[in-house]
Every structure is written in C-alpha cells, then in structure tokens.
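Colleague: I'd like to go through this model with you and ask how you know each thing you say about it. Could you keep the answers plain?

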Amino acid sequence: MRFFLRIGVLLGALLLAPAAFAVEITDTWARATVPGQNVGAAYLTITSPTRMRLVAVKSVLAGRVEIHSTQMGDGVMKMRRIQYLDIPAGEAVSLAPMATHLMLLDLKAPLAAGGQVPLELVFRSKGRKKTVKVAAQVRAITQTAPR
C-alpha cells in the first residue's frame, strides 16, 4: 500500500509541476567587422513550443549586448534598444539585418570571418529563467553594390 501511495504522490507532483520550457536557436551568425570597429551585430532564429521572453544576452567578446529593433519612419531608418523580445508559442522569431537584431557593443577584438561569437541568451517563462549558450559563425562582409 505504501508503494502505491508513493507512486501516486510522485505522479501527482509530476502532473502539477510547471512544464519545462524548451527553446531552439538556429541560423546563428554575426557579421565580420573591420579593424577599429567596436560594434557588431548578431542574428538568429528562436523557436519555442511555449510562450517566453528573451530578456538578456551576453558575450565574452563584447562589453555588452543589446536587443535592438530597426524600423523605417519618415523615410529614415531608426534603430532603438528594446528591453526584451517576446517569443510567441510555436512561432519562429527571426533576428535579421535591417530588423530586430543583437548589437555587440564595446567589442574586445574585431570579428573575423570564419570565427565564432559565443552568446548566452537568457529567457524567462512563467517566472522561471533559462540560459541557452550558442556560437554565432562570423560571416565575411559582402559588398552589396558595385563601386
């Protein structure tokens, strides 16, 4: 009888415990910088089966990392820091050039093509926090228009 009572308590605890949240990070990359440039940008796609919020990002290669939003207004592209980024359940949220992205500020060294930028992304969901570590591949700067 005690055995069944313990199993019942264990199953009850598992069913009532808050579900663990998962997050998938894909398409992670950063743009190479030129010597002397102390800011960079990183991009990625975030998907989660549950609603969550990206609340902070860190990198050992930058003094600080900020989430930035870029929008066109009155014919001018405007970039501003945002405090967090909501990730809706089941939807992929892409951070991309000329859109929401990660700004790498106070770089400790230039970002060279072929290298990596380690990132720690901090998420919150239902009062809990989760840190996910990823590495952004550094891509070469490409020329978009002929000179």
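Modeller: A strand here is a DSSP run marked E of at least two residues, a helix is a run marked H or I of at least four, and both are numbered from the N terminus. Met79 lies in strand E5. By the way, this is a predicted model, where local features need pLDDT of at least 70, side-chain atom pairs count only at pLDDT 80 or more, and totals for chains, interfaces and linings use all residues. Residues are numbered from 1 along each chain as its sequence is written, and side-chain values use heavy atoms, with hydrogens and water left out.

Colleague: What pattern does the protein chain follow along the sequence?

Modeller: The pattern is α-β-β-β-β-β-β-β-β-β-β.

Colleague: Why is Glu66 called buried?

Modeller: Buried means under 20% relative accessible area, exposed means over 50%, and partly exposed is in between, using a 1.4 Å probe and protein chains only. Glu66 comes out at 11%, so Glu66 is buried. Glu66 sits in strand E4, residues 62–73. Across the 147 residues of the protein chain, 35% count as buried.

Colleague: And how do you know what the side chain of Glu66 makes a polar contact with?

Modeller: We look for a pair of N or O atoms within 3.5 Å; within protein, one must be able to donate a hydrogen and the other to accept it, and residues adjacent in sequence count only if both atoms are side-chain atoms. The side chains of Glu66 and Arg64 have such a pair at 3.1 Å. The side chains of Glu66 and His68 have one too, at 2.7 Å.

Colleague: What makes a residue a contact of Glu66, leaving aside its neighbours within four places in sequence?

Modeller: Contact means heavy atoms within 4.5 Å. With those neighbours left aside, Glu66 is in contact with Arg81, His101, Leu102, Met103 and Leu105. For the protein chain, 67% of the contacts with a separation of 6 or more are between residues 24 or more positions apart.

Colleague: Back to Met79, then: why is Met79 called partly exposed?

Modeller: Its relative accessible area is 47%, so Met79 falls in the middle class, partly exposed. Met79 and Ser69 are ten residues apart in sequence, but their C-alpha atoms are 5.6 Å apart in space. Ser69 is also one of the contacts of Met79, among them His68, His101 and Met103.

Colleague: What makes a space a pocket?

Modeller: On a 1 Å grid over the protein atoms alone, a pocket is an open set of points with protein on both sides within 12 Å along at least five of seven lines, whereas in a cavity a 1.4 Å probe fits but cannot get out; lining residues have an atom within 4 Å of a point. Points are joined across faces, edges and corners, and the volume is the space filled by probe spheres set on them. The largest pocket has a volume of about 250 Å³. It has 15 lining residues, and the closest to its centre are Ala41, Tyr43, Met79, His101 and Met103. Strands E2 (39–47), E5 (76–82) and E8 (101–107) each give two or more residues to the lining, with E2 giving the largest share, four residues.

Colleague: Last one: why does Thr100 count as buried or exposed?

Modeller: Thr100 has 18% relative accessibility, so Thr100 counts as buried. Thr100 is in the loop between strand E7 (93–95) and E8. Not counting residues up to four places away in sequence, Thr100 touches several residues, including Ile67, Ile82, Leu85 and Ser94.
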